[in-house]
Every structure is written in structure tokens, then in C-alpha cells.
Amino acid sequence: MMKEEKKLHKQHKKLSNAIAYTILVLISIVWLFPFVCLVLQSFRSYKPEVEFGGMVAYLLPKHFSLDSYKFLFSGESNFLRWYMNTLIIAVFVSLGQTIFVLCVSYALSRMRFKLRRALMNLWLVLGMFPGFLTMICLYFLLKQLGLTQAGAVPGLILISVASSGMGYYVCKGYFDTIPKSLDEAARIDGASRAKIFVGMIVPLSKPIIIYTALVAFMAPWCDYVFASYVAFGYEKGYNVAVALQRWVNTNDYQGYFTRFCAGGVLVAVPVTALFMALQKYYVEGVTGGAVKG
């Protein structure tokens, strides 16, 4: 009787696993299909198929070519400048936001001062309002400072870093999991707050630091709406998202659709590589910061 029950349990478990894996495979296919299309179309040569226009009704290219990638790195295109603009913005925003978020999170996690709870609640409420509400106001502020169009890159960095301390939630939750007895022992030995933070807390917080840096890197890397406002009308101030949108908006699909796909592949490469290399720490940072609030 026991053997039959165990056998039925194993069969039920195998069936459940098979159904679960089938669903996951189907979801993966649906999720990856647009990316596969993007990569394949980036290798399609549009010249022999010009009569069909830039967009065609088949997926696998009839003529493989590197023409679109060659165009991106040629003197005919400003793609490298747009790519560098995006990379500069993303790197500086990632560094600035990570430093601000770590400092604010440590202060809110370890220190007790007047209006601390009120300040946290205020930031929580302000964070519920979408950033679009301040977009026009920020644009005119940057314009007064000369940080639009030709100054779009430093302007976007300034705006992204300025209010980054408000995103302390996950990082503070991670710091709350680190025993305060470590701080107290170091304080008894004469260590300052800054020394404790740099010498003890930061080395123990690699997962949350990587998580914070990756999230901060992703936002400007994919930004289109605000970047298009700030760099409006000045082509050399575009980031890749704005520039590629301008390409497919030229109505010249014969030439620019495959180039758009090639640009999209190159944009996805660094982000994909970062996530694949740092996936372990990214997951640890999310789960660690969700333990306490």
C-alpha cells in the first residue's frame, strides 16, 4: 500500500513538473521572440529587397549582411557619439546614485534623530507621484542653467542624481539586516561613523551595492521621454533611445529599419552582459533588502 502511494506521489510530482516546465518554456519563447526578431533583422541586407521596403513579412533573412553594423561605425552616422553620451550618463548616474543612496540608507538605518520618521514618510509619499509631473518644470530650470541641448548630458546627470536619496527603501532594508552590534563594537574601539560605514558596512553590502548600481545604470540607459525633451533639436546631445526613434520616424524604412535593429542589439549588449555577470549579487540584494523595512 505504501509503495503504491509513493509511486502515485512520484507520478503526480513528475506530471506537475512537466506542466510547470512546459508553461515556463512557452513563456520564455513568447518573451524572447521579439529579441530574436531584432537580432535576425539586424543582419538582413535591405539592398536586394528594396522593393519590399524596410519591413518584410518573413523572419529569417534571405540575404545576410553586416551593412547595418558597418553603417553604425562609419562616418555617415553619429551613433558612436550617441552611444558615448548614453554610456557617460549611465555611468555617472550609477556612481552618483549609488553613493547617495548608500549614505542616506545608512543614516536612516543606524542613526536616530528628530523628524526621522516624518522625513521617511514624506519621501515615501513624494515617491508615489510620477516623475512626469515635474518634467516641464525641470526642463525650464535646466534651460535657465544652460543644461539643455548642447548641455543635455550634464543636465540629465544632474537631474537623475539630485533626488536619488529618496530611493532608499531596499538599501535601508538590507542595512537593517546587518547587526548593529558590529557598529557598537567599533564605536567602543574609537571608530567614527564614516570609518564604520566605509570600513565595515560597505564591504558587507556588496549585493545591495551591485543591485543599486545596476538599477541606477538601467534608468538613463533606457530613458527616452525626458532625454528627448532636454536634447530637443540638438542631434549631438541625443542618447541612443532618442536617436534610434528619430531614425524610424524618418519614413525611410528601406535604409533605417535594419540599422535601427542593429542599434538595438548593440544597446542591449552591455546591459545583458552586466546582468549575466552580476545576477547572483542582484538577486541577493533584492531578497536581502526585502527582509526589513
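The largest pocket has a volume of about 1200 Å³. Of the 37 residues that line this pocket, Gln97, Gly131, Ile159, Ser160 and Ser163 are the closest to its centre. The model is predicted. It shows a protein with 13 helices and zero strands.

**Largest pocket**
- Seven named helices each supply at least two residues of the lining: α3 (79-110), α4 (116-126), α5 (135-144), α6 (152-162), α7 (169-177), α10 (206-221) and α11 (225-230).
- α10 gives the most, with six residues.
- The lining of the largest pocket divides into 27 nonpolar, nine polar and one charged residue.

**Second largest pocket**
- The second largest pocket has a volume of about 600 Å³.
- It is lined by 20 residues, and the closest to its centre are Phe35, Leu38, Gly264, Val267 and Ala268.
- α1 (2-42), α12 (240-248) and α13 (253-289) each supply at least two residues of this lining.
- α13 gives the most, with eight residues.
- By class, the lining of the second largest pocket holds 17 nonpolar residues, three polar and no charged.

**Enclosed space**
- The structure holds one cavity of 30 Å³ or more.
- About 40 Å³ of space lies in the largest cavity.
- Its lining consists of Ile89, Leu156, Ser160, Pro220, Asp223, Ala227 and Asn239.
- Four of these lining residues are nonpolar, two are polar and one is charged.
- Ser160 lines the largest cavity, and Ser160 is also among the residues closest to the centre of the largest pocket.

**Fold and packing**
- From the N terminus on, the elements run α-α-α-α-α-α-α-α-α-α-α-α-α.
- The protein has 293 residues, and 38% of them count as buried.
- Take the contacts between residues at least 6 apart in sequence: 73% of them join residues at least 24 apart.

**Surface**
- The accessible surface of the protein comes to about 17700 Å².
- Carbon and sulfur atoms account for 70% of that surface.

Definitions and conventions
Residues are numbered from 1 along each chain as its sequence is written. This is a predicted model: local features need pLDDT of at least 70, side-chain atom pairs count only at pLDDT 80 or more; totals for chains, interfaces and linings use all residues. Side-chain values use heavy atoms; hydrogens and water are left out. Helices (H or I, at least four residues) and strands (E, at least two) are DSSP runs, numbered from the N terminus. Buried means under 20% relative accessible area, exposed over 50%, partly exposed in between (1.4 Å probe, protein chains only). Contact means heavy atoms within 4.5 Å. Accessible areas come from the Shrake-Rupley method with a 1.4 Å probe; for residues, only the protein chains shown count as cover. On a 1 Å grid over the protein atoms alone, a cavity is a set of points where a 1.4 Å probe fits but cannot get out, and a pocket is an open set with protein on both sides within 12 Å along at least five of seven lines; lining residues have an atom within 4 Å of a point. Grid points are joined across faces, edges and corners, and a volume is the space filled by probe spheres set on the points. Ala, Val, Leu, Ile, Met, Phe, Trp, Tyr, Cys and Pro count as nonpolar, Asp, Glu, Lys and Arg as charged, and the others, Gly among them, as polar.
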